Amino acid sequence: MNAPSTRVFHRQLRHGLPVAVSGKGITLTDAQGKVYLDASGGAAVSCLGHGHPDVVAAMHAQIDRLAYAHTSFFTTEVAEELADVLIESAPAGMTHAYFVSGGSEAVEAALKMARQYFVEIGQPQRRHFIARRQSYHGNTLGALAVGGNAWRREQFKPLLIDVTHVSPCYEYRDRRADETPEQYGQRLVAELEETIARLGADSVMAFVAETVGGATAGVLTPVPGYFKGVRELCDRHGILLILDEVMCGMGRTGTLHACEQEGVVPDLLTIAKGLGGGYQPIGAVLAQGRVVEAFRKGSGLFQHGHTYLGHAVACAAALAVQRVIQRDGLLQQVRERGDHLQRLLTQAFGSHPHVGDIRGRGLFWGIELVRERTSKQWFDPVHKLHASIKSKAMAGGVLVYPMGGTVDGRCGDHVLLAPPFISTEAELAQIVERLASAIDLAVAQADEALTA
Ligand code: PLP
């Protein structure tokens, strides 16, 4: 555990943390020699696991050549090469990659790109963003403002730009019994349409959404047709569609971009996490040609920037990660191992009295915990079931990513799994086994607290 006298301003100030000292494959080891299976890649980051020799070698080679050159003076070969790789595999019409250092920065850049785009094309009256409740887009002020998690926003509300939030696509809780998934999706599209009309269609800049909802809602997969309806609506009103694939993108769901499975192409696409796989902090906004062209023809610059944009070592790490994924056919592997993980989760939790929903795609899965399955009643938040599962799972040697507030930002609990793409079937089985005992122990503790 870290010393009580730590000088690091940790996320949690009341309890210590184990000290991570090494990582190899899908495991992390702490200073006591305890080995953990990394079943969530941190927060869906470590797609190639830890210590991948090809990525480490590429970073060493880049550091030996050039670690850093400021992007207002230079471009670098490695940034150009990474942009080429990303654009060659990007959704249709994307022509440029804007590099940043993480997910929140990618979202901030996308929001500002959207605003400046409308200024450039002579529609400066467009000033509204529409996003979804229960979404997560990052913790910087712009990203937090578009994010829809009530608890995260609450104390910072006075600082946040005004964003209108519509319903998430949360089939497990919100689809009515008399609706097909498609009808439910169309109801959500109609809600968005009404919201656009209420705000005034020509005053809306963009609709912002995670293609597959991640951290705060526990892997919400969209129903068929939903995003097609959204895309059509945005097109009709000249509104940009910003898809945030910081968590669900870069292969996590079994295709390089999650939006491929929805048959839609966004105007701006944010990526991070799996882009560099945790080897370096890096994110990017992939932009449609017509957006970039508006900047080129207009002011000729994007009025934005950070010191570490397009950092050469970060670009080298991301380039190596993406090359390994391509070379080793890992997208196919994500689909196959993902099917296997789904089977394991269904076996372990399909009739578990406290698991209401198992949802996901590829190697991106969420399990929603309930007090009672039929009513879908959640555990009283006082139990902090998610935190209890996390600590029991860690004690049992598996790292998972649970979160509370699944239902409305305050109530409900889920566990998110995002194992590395290189996980074997045997490792996935161990992960599910350890998770199952952590859940049972945490539920037993919550029950004891009730009867005490
Ligand atoms: N967008 C989404 C969808 C995310 O899941 C996250 C992080 O979890 C972010 C943005 C913010 O990314 P970062 O934590 O790298 O700033």
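In which sense do strand β3 and β13 pair, and over how many bridges? I looked this up first in the predicted model. Strand β3, residues 35-38, and β13 pair in the parallel sense, over 2 bridges. Within this pairing I found Leu-37 opposite Val-398 of β13.

**Entry: the sheet around β3**

I then traced the sheet itself. It is open and has 4 strands, in the order β1-β2-β3-β13, with mixed pairing. I noted β1 (20-24) and β13 (398-399) at the edges; each has a single partner strand, so one side of each is left without a neighbour in the sheet. I also looked for a helix on this sheet. Helix α14, residues 425-451, packs on the sheet and touches β3 and β13. I wrote down the angle between the direction of α14 and that of β3 as about 105 degrees.

**Entry: the sheet of 7 strands**

I went on to another open sheet, with 7 strands in the order β4-β10-β9-β8-β7-β5-β6 and mixed pairing. Its edge strands are β4 (94-100) and β6, each of which pairs on one side only. On average, neighbouring strands of this sheet are turned by 20 degrees against each other, with direction ignored. Helix α8 (residues 181-199) packs on the sheet, where I found it touching β5, β6 and β7. The direction of α8 makes about 155 degrees with that of β6.

Strand β5 (residues 128-132) and strand β7 (residues 204-210) run in the parallel sense and are joined over 3 bridges. Phe-129 has Ala-206 in β7 as its bridge partner.

**Entry: β12 and its two partners**

Is β12 mostly covered or mostly open? I counted 6 of its 6 residues as buried, so strand β12 (residues 364-369) is mostly covered. I sorted the side chains by direction: Phe-364, Gly-366 and Glu-368 point one way from β12, and Trp-365, Ile-367 and Leu-369 point the other way. The residues of both groups are buried.

I followed the pairing next. Strand β11 (residues 355-361) pairs with β12 in the antiparallel sense over 6 bridges, and Gly-360 stands opposite Trp-365 of β12. The hairpin of β11 and β12 has 2 residues between the strands, and there Gly-362 takes a positive phi near 60 degrees. Strand β15 (residues 413-417) is also antiparallel to β12, and 5 bridges join the two. In that pairing I found Gly-366 opposite Leu-416 of β15.

**Entry: salt bridges**

The side chains of Arg-359 and Glu-368 meet at 2.9 Å, N to O. Arg-359 has a relative accessible area of 7%, so I list Arg-359 as buried. Glu-368 is buried too, at 0%. I see both residues again in a network of salt bridges that links Arg-173, Asp-357, Arg-359 and Glu-368.

Glu-171 and Arg-175 form a salt bridge through their side chains at 2.8 Å, N to O. Glu-171 is partly exposed, with a relative accessible area of 28%, and Arg-175 is partly exposed at 31%.

For Asp-328 and Arg-327, the closest N and O atoms of the salt bridge are 2.7 Å apart. Asp-328 counts as partly exposed at 36% relative accessibility, whereas Arg-327 is exposed at 54%.

I checked two residues here. Ala-44 has a positive phi of about 60 degrees although it is not a glycine. Ala-44 lies in helix α1 (residues 41-44) and counts as buried at 2% relative accessibility. Val-219 also has a positive phi, near 60 degrees, and is a residue other than glycine. I located Val-219 in the loop between β7 and α9 (226-237). The relative accessible area of Val-219 is 0%, so I list Val-219 as buried.

**Entry: a nonpolar patch**

Which residues make the nonpolar surface patch of about 280 Å²? I found Leu-141, Phe-156 and Leu-159. I placed Phe-156 in the loop between α6 (150-154) and β6 (163-166). Phe-156 is partly exposed, with a relative accessible area of 36%.

Terms used: Residues numbered from 1 in each chain as written. Predicted model: local features only at pLDDT ≥ 70, side-chain atom pairs only at ≥ 80, totals over all residues. Heavy atoms only, no water. Patch = residues over 30% accessible without salt bridge, like charges linked within 9 Å, V, L, I, M, F, W, Y side chains within 5 Å. Areas by Shrake-Rupley, 256 points an atom, 1.4 Å probe, with all protein chains shown as cover. Salt bridge = Lys/Arg side-chain N within 4 Å of Asp/Glu carboxyl O. Buried < 20%, exposed > 50% of the residue type's maximum accessible area, 1.4 Å probe, protein only. Pairing = 2+ DSSP bridges. Axes fitted to C-alpha atoms, helices over the stretch in contact; angles between N-to-C directions. Contact = heavy atoms within 4.5 Å.
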